[in-house]
Amino acid sequence: MPHAKPAVALSAAAILLCGCSSVVKPPQGRGKVDDSRTHTVNHLKCLQQQRLPVQEVGSTGLQIGPLPSGPTVQFLPSPGAAQAQQIEGSQLGQGAEVIGSALLFTHQASDGELTLIENCLGSGVSG
């Protein structure tokens with residue numbers, strides 16, 4: 001029994017030390033989600049510099065000029081996601097031109113306007 005007291009003391013100390021590190025901590029934020037319109041290449045700024053009447057729509061879209069004639073741009077998480085929407089023929093991707101991670105719905109835009117938009121959206125796109 002002479003070893004019982006030190007064993008109990010060591011066990012109690014171990015339990016106390018283990019218990020201290022198991023405190024529940026509140027979740028920490030991981031930062032903000034990158035905005036495809038302005039993250040790596042600022043597509044929004046490029047369109048504005050071309051003097052196009054562009055507005056942000058929701059968290060991933062751009063409207064250039066008024067509907068129904070003005071082009072619409074919808075950004076998806078990746079170029080692969082944009083291509084998949086178009087290939088699958090989903091309602092989101094139907095009739096859209098894929099430029100990187102963007103789906104461009106041309107509507108009734110002029111060729112000159114589309115050239116400016118395609119150049120801005122194509123900036124920073126590889127392949």
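Trainee: Before we start, what pLDDT do local features need here?

Mentor: The model is predicted, with side-chain atom pairs counted only at pLDDT 80 or more, totals for chains, interfaces and linings using all residues, and local features needing pLDDT of at least 70. Residues are numbered from 1 along each chain as its sequence is written, and side-chain values use heavy atoms, leaving out hydrogens and water.

Trainee: OK, strands. Which residue of β5 is the bridge partner of F75?

Mentor: Helices (H or I, at least four residues) and strands (E, at least two) are DSSP runs numbered from the N terminus, and two strands pair if DSSP finds at least two bridges between them. β3 and β5 run antiparallel, joined by four bridges. In β5, F75 has as its partner A102.

Trainee: And on the β4 side, which residue of β5 does V98 bridge to?

Mentor: β4 covers residues 97-99 and runs antiparallel to β5, with three bridges joining them. Their hairpin has two residues between the strands, and G100 takes a positive phi near 65° there. The partner of V98 in β5 is L103.

Trainee: Are the faces of β5 covered or open, and by which residues can I tell?

Mentor: Buried means under 20% relative accessible area, exposed over 50%, and partly exposed in between (1.4 Å probe, protein chains only). On one side A102 and L104 are buried, and on the other L103 and F105 are buried too. Both faces of β5 are covered.

Trainee: How far apart are the end C-alpha atoms of α4?

Mentor: The expected span of a helix is 1.5 Å times one less than its number of residues. With twelve residues, α4 should therefore span 16 Å, and this agrees with its end C-alpha atoms, which are apart by 16 Å.

Trainee: Within what arc do the buried residues of α4 fall?

Mentor: E113, L114, I117, C120 and L121 are the buried ones in α4. Seen down the axis, they line one face of the helix, because they fall within an arc (taken from the directions from the helix axis to the C-beta atoms) of 130°.

Trainee: Which exposed residues sit on the face of α4 turned away from that buried side?

Mentor: The buried residues are covered by elements including α2, β2, β3, β4 and β5. The face turned away carries D111 and N119.

Trainee: Backbone next: what is the phi of R51?

Mentor: Most residues other than glycine have a negative phi. R51 lies in the loop between α2 (43-49) and β1 (54-57), and it is exposed at 75% relative accessibility. Its phi is positive, near 65°.

Trainee: And what about the phi of H107?

Mentor: H107 is in the loop between β5 (102-105) and α4 (111-122). It is partly exposed, with a relative accessible area of 40%. Though not a glycine, H107 has a positive phi of about 50°.

Trainee: Last one: what is the omega of the cis peptide bond from L67 to P68?

Mentor: Most peptide bonds are trans. P68 lies in the loop between β2 (61-64) and β3 (72-75). The bond from L67 to P68 is cis, with omega near 10°.

Methods:
Contact = heavy atoms within 4.5 Å.
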